[in-house]
Amino acid sequence: MSESETQERTKELVFAYQLDAPPEKVWRALSIPAFRERWLPAQVEALSSVPGEELRYRLKEDEPPFLESVVTFQLAPNNGGTELRIVHSLTDARLSASPAPANSNQPLMQRAA
């Protein structure tokens with residue numbers, strides 16, 4: 001695995017939940033602003049939607065450093081309930097501006113003591 005792939009993976013959190021509620025009810029909780037505002041931050045921007053299957057939101061923190069991220073909610077029916085998968089990706093450009101570590105071996109170089 002390359003270093004860039006490792007860095008991308010560390011900027012993403014994935015959670016999977018098995019819920020007793022049917023997908024339609026979970027979809028309502030995610031897609032209707034009055035319900036969603038109870039548990040998501042106030043600064044939410046809808047990015048995309050596949051009705052009944054997936055929602056993507058851009059979030060911005062309310063406090064410094066005001067980082068931005070994207071949260072994807074994926075729903076799938078599961079034995080009368082719902083499998084909810086949440087993928088939280090840090091997308092803030094300030095996070096990608098960090099310098100490469102000295103041991104990245106790209107480009108290959110030797111360091112003198």
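**A tour of the aromatic pairs**

Of the chain's 113 residues, 22% count as buried (under 20% relative accessible area; exposed is over 50% and partly exposed in between, with a 1.4 Å probe and protein chains only). The model is predicted, so local features need pLDDT of at least 70 and side-chain atom pairs count only at pLDDT 80 or more, while totals for chains, interfaces and linings use all residues. Residues are numbered from 1 along each chain as its sequence is written, and side-chain values use heavy atoms, with hydrogens and water left out.

Start with the whole chain as a cartoon. It shows four helices and five strands (DSSP runs numbered from the N terminus: H or I of at least four residues for helices, E of at least two for strands). From the N terminus the order is α-β-α-α-β-β-β-β-α.

Next, display the aromatic rings. Two aromatic pairs are counted (ring centres of Phe, Tyr or Trp, the last by its six-membered ring, within 6.5 Å; planes under 30 degrees apart are stacked, over 60 edge-to-face, the rest tilted).

Select phenylalanine 15 and tyrosine 17. Their ring centres are 6.5 Å apart and the planes meet at 20°, so this pair is stacked. Phenylalanine 15 is partly exposed at 37% relative accessibility, and tyrosine 17 is partly exposed at 39%.

Now select tyrosine 57 and phenylalanine 73. This pair is edge-to-face, with 6.1 Å between centres and 70° between planes. Tyrosine 57 belongs to strand β3 (residues 54-60) and phenylalanine 73 to strand β4 (residues 68-78), so the pair ties together parts 16 residues apart in sequence. Tyrosine 57 and phenylalanine 73 are both buried.
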